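The numbered points follow the structure.

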Amino acid sequence: MRPSARNTRNRDTRSAALGIGALAILGGAAILMQRRTQPKPRPKPRRKLRRSAAIMGASMLVDSAMEHFRGGFHNKAMLAAPVLAAASTLGATARAPHMLPVHATSVAVGAAGLGFHGYNIAKRPGGFNWDNLFYAAPIGAPGGLAVTGLLALASDAHTARHGRMLAGFTALATLAETAEVALLHFRGAWHNPAMYLPVTIPPIAAALLLEQALHPNPKTRGAARGAQRLMAAMGVVGTGFHIYGVSRQMGGWHNWRQNAFDGPPVSAPSSFIALALSGKAALDLMEGAP
Amino acid sequence: MSHAHRPRAIDGQAPDVFSRDDTVPMRQFADTDEVDFAIVGTGCGGGVLAAKLAEAGFSVVAFDAGAFWRPLSDFASDEREQEKLYWLDPRISDGADPLEFGSNNSGRSVGGSSVHFQMVALRFRPEWFAARSRLGYAIDWPVDWREMWRYYDEVERACAISGPLTYPWGPDRGRYPYRAHEVNAAGQVLARGAEALGVDWAPTPLATVSAPRGKSPPCVYRGMCKIGCSTNAKQSVLVTYIPRALDAGAEIRDLAMVTRIATDRQGRATGVEYHRDGQSRFQKARNVVCAGYSIETPRLLLNSANARQPTGLANSSDTVGRYLMVHLNDAIWSVMDDEIRWYKGPPSMACCEHWNYIDDHPDKDFDGGYAFMSQGPLPTDYARTLVTNSGVFGHELRRKMALYNRMAGLKMVGETMPCADNRVTLAEETDAFGVPRAHVTYAHDDNDRRMRRHARAFMAQMLEAAGGRDLLETSSTAHLMGGCRMGADPETSVTDSDGRTWDVPNLWVCDGSLMPTGGGVNPSMTIMANAARIADRIKTLCASGTSERAHG
Ligand SMILES: Cc1cc2nc3c(=O)[nH]c(=O)nc-3n(C[C@H](O)[C@H](O)[C@H](O)COP(=O)(O)OP(=O)(O)OC[C@H]3O[C@@H](n4cnc5c(N)ncnc54)[C@H](O)[C@@H]3O)c2cc1C
Ligand code: SF4
């Protein structure tokens with residue numbers, strides 16, 4: 001074929017096709033494994049929830065540390081987010097006792113952070129307009145810290161009723177996360193078709209989970225579980241896409257000191273893995289696993 | 001860094017603008033091949049036309065006096081070095097208000113002035129296309145605004161303009177292909193001022209991408225735009241339409257200065273005389289298109305006079321070179337309490353078109369309109385502004401430059417009136433190729449002066465409302481429009497609405513010189529949209545066999 005002088009004609013379809021292929025393999029394998037491993041004892045919901053909180057917390061830690069570092073920590077309160085994310089993550093992984101106050105503080109600070117970020121948006125010229133939603137403090141991000149805290153606290157859950165509550169909560173958190181992704185991928189002009197995946201799969205996963213929360217139904221639980229697995233696989237593939245995205249900035253990974261900040265956040269997609277784990281824990285609880 | 005002294009688009013290869021040193025295949029024509037179109041100039045007009053005509057299957061050779069750059073390896077973050085992008089050949093400038101030429105209005109590169117333009121991508125106000133009949137000044141364009149509006153859509157998509165989701169002025173313009181960039185601190189000064197005065201403002205639609213686009217990475221906000229973007233985030237004609245033209249089989253001849261359009265006894269154009277790599281050559285062509293911008297296009301037509309057309313080609317109406325326009329480019333600068341660092345990001349990230357869309361206001365004592373934008377001049381540029389306008393020097397200049405990071409500014413793009421005596425003629429003196437230099441005569445009129453006064457007062461008020469102090473006013477002009485205007489009347493215009501000259505049926509103009517009025521916005525998108533429209537008109541005319549119009 002004659003080499004072309006022009007810029008790539010269309011959206012980045014090649015990488016999108018690769019990514020979607022990877023997702024099909026990974027997601028397919030995850031769903032198939034679910035069938036096969038059915039008789040084997042699953043990890044306890046408690047372990048899943050701890051892992052979920054740890055992954056969400058780690059993602060929050062990296063994201064808030066980097067973004068607030070970029071903001072020069074010009075407000076001392078900006079230190080709170082990474083510090084608490086670190087504490088909650090450690091607490092969840094190390095199964096440390098007496099962590100309730102720490103996790104609760106994470107929840108409270110996360111909630112307060114929503115107010116801070118809202119204020120940051122509102123005070124800019126133009127207030128709550130698209131441009132400020134795109135570029136001022138990300139409106140939903142602090143919610144991730146609150147979710148981390150709540151997931152860590154939820155690891156004591158053990159009844160089917162708890163399972164339903166957790167399913168409902170996880171579904172709502174997934175939808176909130178989807179909204180944030182939609183905003184940021186819209187900002188990126190959907191320049192890669194794969195950017196539509198994280199606004200397509202998670203809402204389906206959330207809907208199936210919500211259905212279980214409202215009307216527990218063992219017949220459709222398999223589908224709900226499969227959707228969670230697919231969403232987790234998407235978190236893995238999405239991380240790959242974000243790594244690739246950084247390479248598409250000027251200078252690519254050679255210039256990581258700038259591009260890791262300016263490119264797509266590499267740690268962000270893993271939050272979907274965390275939510276998927278929590279969703280699965282919820283379904284386990286509903287099935288009566290202690 | 002390199003200066004390209006020798007042509008690079010040779011031996012069937014042209015520079016790959018997305019690489020540091022690669023090439024891409026290029027179709028080539030012999031001088032003796034009678035190509036369908038010889039296009040002189042590859043900027044906003046010529047570049048767009050070359051791509052679209054080649055894509056339509058015509059054989060096209062496009063000439064440019066400038067070099068064929070590879071931005072990734074040729075562009076330095078150095079204002080002096082980058083002067084290589086400007087047309088700095090001397091021009092004789094006189095009149096009551098002699099114009100300055102060079103970095104403020106003329107480029108010389110494959111891709112034309114768009115290689116170093118500041119990427120502000122605005123549309124004309126619809127009423128301006130009928131300025132005389134709807135607003136009562138100047139002259140109407142021979143084109144309906146709705147048609148132009150469709151072509152704005154087309155070129156904005158081709159250049160992946162990053163713009164706001166809602167634009168406060170004028171009819172709905174759909175969604176820009178890419179989202180607006182984050183407005184920098186310099187732009188937020190404009191925004192705060194506008195909100196304090198209760199007028200609308202907007203993030204400026206810009207021809208640089210806010211997310212990856214194929215081989216173009218997103219903008220890195222280093223603010224070197226005016227001296228050539230070394231990342232290819234900027235969607236200049238060099239990285240958009242020129243590669244398209246190459247793919248479609250057009251030949252681009254860089255460092256090829258066209259000196260004369262040849263004509264036969266019937267007065268039809270037969271091709272172009274040009275200089276390249278030390279040789280004088282002649283390219284045969286069925287059609288010739290002038291796209292060298294408002295000074296060089298008239299100069300070339302005037303220099304191509306023949307026995308039948310002794311006052312210049314296509315000049316029976318004595319309009320070639322006349323009705324040259326500029327934009328008023330006065331600015332107000334102020335010191336801010338906060339650090340602004342206005343060099344960060346593209347220079348004009350926020351804009352205000354308030355006075356472009358107001359007709360009846362007791363304060364408005366002028367015809368036409370003006371927009372203004374936030375500013376971010378590079379250091380040498382700013383120092384030059386200070387020195388030429390206020391004559392500061394030595395210690396005082398140093399003190400003023402020390403405030404560089406705390407400065408903010410607003411600069412107008414103000415419409416001037418088309419005036420027959422503002423014109424390009426040929427000077428006695430000749431250039432290195434023996435072509436008479438351009439002689440440009442320019443004077444502002446009273447309307448210009450009233451508008452300038454109004455804009456200065458309004459911008460000053462806005463800067464103060466945003467917290468600016470120690471205001472400084474400077475004066476200049478930017479952009480060129482007109483010089484070979486199109487029109488509905490062969491007595492008062494050089495070309496018809498298709499850009500075809502009234503006098504010579506196979507001679508066309510397709511660049512900023514066609515503009516009958518200048519409008520109160522930066523001109524590149526209008527020039528590109530008009531070129532895209534003309535390309536489609538040429539296709540239609542050829543398809544219907546009426547490209548041979550019997551007139552003139
Ligand atoms: C510093 C600067 C900033 C600008 N910023 C903006 C902006 O932000 N927004 C905006 O809309 N506009 C901007 N402009 C204006 C815009 O760039 C021009 O209006 C536009 O490029 C003109 O298009 P054109 O095709 O008429 O001419 P050009 O783009 O100038 O192209 C003409 C080409 O013809 C070539 N040429 C001329 N004569 C000959 C000849 N005899 N033989 C061979 N080649 C020849 C020249 O070398 C040149 O490359 C800016 C201009 C400058 C100088
Ligand atoms: S600020 Fe953006 S458009 Fe301007 S030179 Fe830098 S990368 Fe290019």
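1. Buried area is the accessible area, for a 1.4 Å probe, that two parts lose on being put together, summed over both. The model under review is predicted. On that definition, about 2,300 Å² is buried between domain 1 of chain A and domain 2 of chain A, and carbon and sulfur atoms give 72% of this area.

2. The domain assignment places domain 1 of chain A at 44-156 and domain 2 of chain A at 158-290. Their contact takes 28 residues from domain 1 and 28 residues from domain 2. The C-alpha centres of the two domains are 17 Å apart.

3. On the domain 1 side, the contribution of P45(A), K48(A) and F134(A) deserves attention: these residues supply 25% of the area that domain 1 buries against domain 2, more than any other three residues.

4. Polar interactions also cross this interface. Nine residue pairs, both members at pLDDT 80 or more, are in polar contact between domain 1 and domain 2 of chain A. The count of salt bridges between the two domains is two. In a salt bridge of the model, the side chains of R70(A) and D262(A) meet at 2.6 Å, N to O.

5. As to secondary structure, α2 (45-70), α5 (130-135) and α6 (142-154) of chain A each supply at least two residues of the domain 1 side that touches domain 2. Of this side, α2(A) gives the most, with 14 residues. By residue class, the side of domain 1 that touches domain 2 comprises 18 nonpolar, three polar and seven charged residues.

Technical notes
Residues numbered from 1 in each chain as written. Chains lettered and ligands numbered in written order. Predicted model: local features only at pLDDT ≥ 70, side-chain atom pairs only at ≥ 80, totals over all residues. Heavy atoms only, no water. Domains from an automatic or database assignment. Contact = heavy atoms within 4.5 Å. Salt bridge = Lys/Arg side-chain N within 4 Å of Asp/Glu carboxyl O. Polar contact = N/O pair within 3.5 Å; in protein donor to acceptor, adjacent residues only side chain to side chain. Helix = DSSP H or I, 4+ residues; strand = E, 2+ residues; numbered from the N terminus. Nonpolar A, V, L, I, M, F, W, Y, C, P; charged D, E, K, R; others polar.
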